[in-house]
Amino acid sequence: MAQVKSSSKSDPNYKVIAENRRARYDYAIEDDIECGIILEGSEVKSLRMGGSNIAESYAAVEDGELWLVNSYIAPYKQAKTFGHEERRRRKLLVSRKQLADLWSATQRKGMTLVPLVMYFNHRGMAKIKLGIAKGKQNHDKRETSAKRDWARQKSRLMKDNH
């Protein structure tokens, strides 16, 4: 799985807009895919100001198209006449082969499409990274939490010894 790179001096346009940190706790992410997203002008302006949330959203393949459902983009105050709906469905852009793979993963294998990160790439285009995931059971979540706690304790012990 590729991680989204952190901002650097060579990429002045790169900026993480929203991140779904809970997704890696609730789901076992098996693969991820980068998608383009169709936005209105006021939505882009609002995203540049940092007003969005993808924690409660998901993606779905419907009628041969990929949609982002229930994502929140704050209203842009200066766009009085031509504003946007805050929680409207937004179309995601992927290739036909990727769309077919996503459809088969969700329909046949019982996977879920979870948005992980929304960001502006190095060209300044809004992108979203979707995770192809399988839901975790409660015992899996406890196991993940225990591993994380153990790693924190280990790092504290290493710092104390040095």
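This is a predicted model: local features need pLDDT of at least 70, side-chain atom pairs count only at pLDDT 80 or more; totals for chains, interfaces and linings use all residues.
At 18% relative accessibility, W67 counts as buried, because the cut-off for that label is under 20%. W67 belongs to strand 5, and the charged residue R89 lies over its face, 4.5 Å from the ring centre.

**Around W67**

- W67 and R89 are separated by 22 residues in sequence, yet their C-alpha atoms are 6.4 Å apart in space.
- Setting aside neighbours within four places in sequence, W67 is in contact with Y58, A59, A60 and E62, and also with R89, R90, K91 and L92.
- L92 in turn touches W67, and its contacts beyond four places in sequence also include C35, G36, I37, A59, L66, L68, I128 and L130.

**The chain as a whole**

- The chain's secondary structure amounts to four helices and nine strands.
- Read from the N terminus, the order of these elements is β-α-β-α-β-β-β-β-β-α-β-β-α.
- Along the principal axes, the C-alpha atoms fill a box of roughly 60 × 40 × 25 Å.
- Of the 162 residues in the chain, 38% are buried.

**Nonpolar cores**

- The largest nonpolar core contains 25 residues, and L66, L92 and M118 have the most contacts inside it.
- At least two residues of this core come from each of strand 1, strand 2 (27-37), strand 4 (58-62), strand 5 (65-69), helix 3 (96-107), strand 8 and strand 9 (126-135).
- Strand 9 contributes the most to this core, namely four residues.
- Another core, of eight residues, lies apart from it; A23, I29, V114 and A133 are among its members.

**Helix 2 and its surroundings**

- Helix 2 spans residues 41-49, and its residues S42, E43, S46 and L47 are buried.
- Viewed down the helix axis, the buried residues of helix 2 fall within an arc of 140°, so they line one face of the helix.
- The cover over these buried residues includes strand 1, strand 3 (52-53), strand 6 (72-73), strand 7 (90-93) and strand 8.
- After helix 2 comes G50, which has a positive phi near 90°.

**Aromatic rings**

- How many aromatic pairs does the structure hold? There is one.
- In that pair, the ring centres of Y14 and Y119 are 5.8 Å apart and the planes stand at 35°, so the pair is tilted.
- Y14 sits in the segment before strand 1 (15-19) while Y119 is in strand 8 (residues 112-120), so the pair ties together parts that are 105 residues apart in sequence.
- Are Y14 and Y119 buried or exposed? Both tyrosines are buried.
- Elsewhere, the charged end of R48 is placed over the ring of F120, at 3.9 Å from the ring's centre.

Definitions and conventions
Residues are numbered from 1 along each chain as its sequence is written. Side-chain values use heavy atoms; hydrogens and water are left out. Rings of Phe, Tyr and Trp (its six-membered ring) pair if their centres lie within 6.5 Å; planes under 30 degrees apart count as stacked, over 60 as edge-to-face and the rest as tilted. Buried means under 20% relative accessible area, exposed over 50%, partly exposed in between (1.4 Å probe, protein chains only). A charge sits over a ring if NZ of Lys or CZ of Arg is within 6 Å of the ring centre and within 35 degrees of the ring normal. A nonpolar core is a set of buried Ala, Val, Leu, Ile, Met, Phe, Trp, Tyr and Cys residues joined through side-chain atoms within 4.5 Å. Contact means heavy atoms within 4.5 Å. The arc is that of the directions from the helix axis to the C-beta atoms.
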